[in-house]
Structure formats: structure tokens, C-alpha cells
Amino acid sequence: MKKRILTLPLIAITGFAYAQTDDAMSLGNRCLSLSYEEAVLGSARYSAMAGARLAIGEDISVIRENPAGLGLFTKKSEVSVTPDFRMSNGNNNIGLANAGGVFVLGNNHKAEGYVSSALGISYHRIKSFDNTQSSKGGDFSEEGNNGMYSAAYGFNIGNRRFFGLGINFIRGNYEQSTVNQYGTNSFDTKCTAWNIKAGAVIKLKEDINIALALQSPTRYNFEETGVVNTYDKSDKIDGNKNYNDMEYHQWGPLKAEAGFGWYIGSKSVLDIEYSYQDFSALNVGNSYDYYNDVKDYLEDYMKSVHTIRAGFETTPAQHFKARLGAAFTTSPAETPSKAYLQGKDIHYSVLIPHEAFYIGAGAGYEYRFLFADLAYQFKSQKADFLPSVCGGDYKTESQTLKTSELLLTIGARF
């Protein structure tokens with residue numbers, strides 16, 4: 001790893017008397033947290049199938065994953081909203097997971113050539129931060145969320161080839177706080193971002209679809225306020241707060257996906273898919289080039305992420321559907337080695353995510369032009385917690401973070 005001195009403005013104003021620090025690790029993991037999306041989150045139908053609809057489309061969530069899936073909407077337009085109830089590490093939250101509409105722009109019922117097209121507009125919550133940790137080194141908390149606003153267009157050629165193109169805008173906020181024997185360090189980070197996405201679905205046979213989707217690197221812009229509030233000798237906050245405002249940017253990794261869809265008879269469908277992202281390609285900086293150490297940290301400790309999803313949907317009775325799904329994603333980051341941490345004083349506690357497993361189940365019912373879908377989703381993720389310490393006596397705490405989520409989609413087709 002290249003050896004450079006990190007010259008972040010925060011170091012110049014911090015009230016903590018550390019001889020050797022590692023803000024690169026803290027900032028590097030914030031960059032990961034703000035660009036690492038949940039592998040499974042969307043409508044109730046999408047979540048019940050663990051996000052596996054890349055090759056079969058016909059769900060509002062494909063606007064985010066594969067805009068070519070909009071081309072499979074050939075008859076009816078659709079609008080829906082998906083509130084959710086989330087239980088994560090002792091924190092309970094009610095929020096909005098997904099909302100939007102797909103609008104079919106006519107169908108000329110031809111067997112060849114252009115047949116139909118559809119426009120989709122949606123909101124997806126792509127990441128939630130709601131975690132608290134306590135250790136001998138102090139307390140750590142994070143909260144906030146990232147939301148994606150998407151617009152996409154998909155079209156149908158001969159009922160066998162479907163193509164789509166979309167653009168995504170991201171807005172988010174992330175608040176992190178570390179409290180230890182020296183005081184409180186906190187960050188309030190706002191982000192905006194954008195990317196474009198293209199996809200295709202090809203019907204090889206009447207019952208077999210394959211799909212490909214490619215998402216461009218995401219351009220993130222961050223505005224961050226850091227606050228340092230130190231304790232005096234009586235262990236009380238002395239009221240001497242130091243503030244620091246920073247602006248920096250980041251290019252997130254390209255994302256590539258492939259999927260296989262199999263229509264089993266007239267009542268069931270199976271979708272299996274794979275996606276790839278290389279988080280070691282995260283590129284952070286600003287016009288002052290303060291971030292060389294952060295770049296080195298990202299290059300050394302971020303990893304390529306492989307995600308596999310499988311989802312099954314069947315129609316056991318008229319108007320009724322049942323769904324199951326599972327997904328696995330590999331770790332986006334390595335925990336820094338003991339050699340890296342040796343002798344360092346860490347200002348900010350860090351939670352490093354590793355591999356995650358998802359399982360989903362749900363059901364749906366449609367009556368005339370109205371429909372409702374209910375889903376349950378469970379996530380289990382390994383993580384390492386590195387508490388804030390002084391003097392290099394660092395002990396990593398391995399954890400398993402568990403999240404349960406109930407989602408209800410209510411919508412109409414017309």
C-alpha cells in the first residue's frame with residue numbers, strides 16, 4: 001500500500017489528543033455504506049421472490065433492476081405503493097419501501113416488429129441505516145436511508161425481444177455517532193447521486209427467457225458536517241464543539257447482472273440470477289486531492305461482490321399467487337488486519353459488513369382491477385464491529401445482524 005499522510009481538514013481541528021490516527025478507515029467505510037445497496041428490497045412481490053425478477057419482469061421494481069422488464073407489460077398499466085414495517089437489532093421502523101407506476105403506451109398486436117412499450121417511474125428505498133452498538137470502547141449509532149428515484153422506458157419487439165433504458169437518481173442521508181471516554185464524534189452526511197441502466201430480455205423459447213442488465217458507475221456527491229465535542233477533566237461535556245464541513249465525490253462500481261427465467265406450465269415461473277460489483281474500484285476524492293490514504297484503504301480492503309438470487313411464483317387458485325425466494329451476497333469488504341491497526345488510535349467506531357443471506361415468502365390476491373401483495377423478508381448478515389479505542393489495543397467484535405421486514409403492496413391495474 002502506498003504510504004501517504006492523510007490531510008483531511010478534520011484532523012486539524014479535532015479535539016482528541018491522538019498521536020496516530022486512521023480517519024482513512026472511517027471515511028472509507030462511510031463511502032462503502034453510502035454506495036452499498038440492499039440486495040433485496042422493492043415491492044412485496046419482488047421482495048417475496050428475493051429480488052429475482054430480472055428475466056421475467058412485469059413488476060414495478062424492475063425499473064431499478066432491468067428496465068427491459070417494462071417491455072413485458074403489454075396489456076395493462078399499473079400503479080402501486082408499498083409501506084413496510086422493519087425490525088432490526090432492536091429498532092422498529094415504519095417506512096415506504098416502494099411506490100410508482102408503469103404506463104403502457106399502446107399495443108398494436110403485431111406478431112413481428114414493434115409491438116408495445118411502457119414508461120415506468122418509481123421510488124425505491126435502497127438502504128436503511130438503523131443500528132446501535134455498545135462496547136467497552138463506547139457507544140456507536142447510525143441512522144438514515146438512501147432512496148432511489150427512477151425513470152425508465154422499455155419496449156417489445158415481436159413479443160420475443162425486450163429492451164430498456166433508464167436513469168436513477170439517489171438522495172440519502174447518513175448520521176453516525178461515536179461516544180467514548182474522550183467525548184463525542186459525529187458525522188451528518190448528505191449524498192446525491194445518479195447512474196444509467198440498460199437491459200435486455202430475450203425469449204429463447206416460449207417458456208425460457210434470458211436477461212442481461214448493465215448499470216453504469218454511480219456518481220456520488222457528498223456534503224458532510226463533522227462535530228467533535230470533548231469532555232473536560234470531570235467527564236462532562238465542556239461545550240467546546242468543533243465543526244468541520246467537507247465536500248467530496250465518489251464513483252461507485254459498475255454493476256453487471258444476468259438472469260434465467262423458466263415458465264413452468266401456465267401457472268408457475270422460476271427466476272435465477274447473478275450480479276457482480278467490484279467495490280475495490282470505488283474512487284473517492286475532491287479538487288484538493290485530500291483522499292490519497294482513503295483511496296489506498298479502499299483499494300486494499302474493499303472486495304468484489306457476487307450475488308445470487310432465486311425466486312419462485314405459482315398460481316394455486318384463481319386470483320391468488322404464492323411466492324418464495326432466497327438470495328446470498330458475498331462480503332463487500334475485508335476487516336483491516338492486525339498489522340494495519342497496530343498502534344493506531346481510532347476516532348470513530350466502524351461496522352464492516354460481510355456476507356448476507358436473505359429469505360422471502362409472500363402471497364398476492366387480485367380482484368378486478370385491484371391487487372394486494374404481502375411479503376415477509378428475513379436477512380442475516382455477518383459483520384465486524386471495531387470500537388473506537390486509544391493506544392492500539394484493538395479487538396474486533398464479530399456479529400450477526402438480523403433484520404425482519406413485512407411489506408404490503410396495494411395497487412391497481414387499468
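Phe 140 is buried, as its relative accessible area is 3%, where buried means under 20% relative accessible area, exposed means over 50%, and partly exposed lies in between (1.4 Å probe, protein chains only). The model is a predicted one, in which local features need pLDDT of at least 70 and side-chain atom pairs count only at pLDDT 80 or more, while totals for chains, interfaces and linings use all residues. Residues are numbered from 1 along each chain as its sequence is written, and side-chain values use heavy atoms, with hydrogens and water left out.

Phe 385 is likewise buried, with a relative accessible area of 0%. Phe 140 and Phe 385 form a tilted aromatic pair, 5.6 Å centre to centre with 50° between the planes; here rings of Phe, Tyr and Trp (its six-membered ring) pair if their centres lie within 6.5 Å, and planes under 30 degrees apart count as stacked, over 60 as edge-to-face and the rest as tilted. This pair links distant parts of the chain, since Phe 140 sits in strand S4 (residues 138-157) and Phe 385 in strand S16, 245 residues apart. Helices (H or I, at least four residues) and strands (E, at least two) are DSSP runs, numbered from the N terminus.

A search of the whole structure finds 10 aromatic pairs. Another of them joins Tyr 36 and Phe 279 in an edge-to-face arrangement, with 5.7 Å centre to centre and 80° between the planes. Because Tyr 36 lies in the loop between H2 and helix H3 (44-48), and Phe 279 in the loop between S11 and strand S12 (283-285), the pair ties together parts that are 243 residues apart in sequence. Tyr 36 counts as buried at 9% relative accessibility, and Phe 279 is buried with a relative accessible area of 0%. Elsewhere, Tyr 153, Phe 155 and Phe 163 form one aromatic cluster.

The interior can be followed next. In soluble globular proteins, nonpolar side chains tend to be buried together. Returning to H2, 13 of its 13 residues are buried, so the helix is largely enclosed by the rest of the structure. At 1.5 Å a residue, the 13 residues of H2 should span 18 Å, and its end C-alpha atoms are 19 Å apart, which agrees; the expected span is 1.5 Å times one less than the number of residues.

What of the space left between the atoms? On a 1 Å grid over the protein atoms alone, a cavity is a set of points where a 1.4 Å probe fits but cannot get out, whereas a pocket is an open set with protein on both sides within 12 Å along at least five of seven lines, and lining residues have an atom within 4 Å of a point. Grid points are joined across faces, edges and corners, and a volume is the space filled by probe spheres set on the points. The largest pocket holds about 1100 Å³ of space. Its lining comprises 36 residues, of which Arg 45, Arg 53, Glu 58, Leu 72 and Lys 321 lie nearest its centre. By class, the lining of the largest pocket has nine nonpolar, 11 polar and 16 charged residues, where Ala, Val, Leu, Ile, Met, Phe, Trp, Tyr, Cys and Pro count as nonpolar, Asp, Glu, Lys and Arg as charged, and the others, Gly among them, as polar.

By the same rule there are five cavities of 30 Å³ or more, and the largest cavity has about 460 Å³ of space. Of the 28 residues that line the largest cavity, the closest to its centre are Glu 38, Lys 127, Ser 128, Lys 379 and Gln 381. S3 gives the most to this lining, with six residues.
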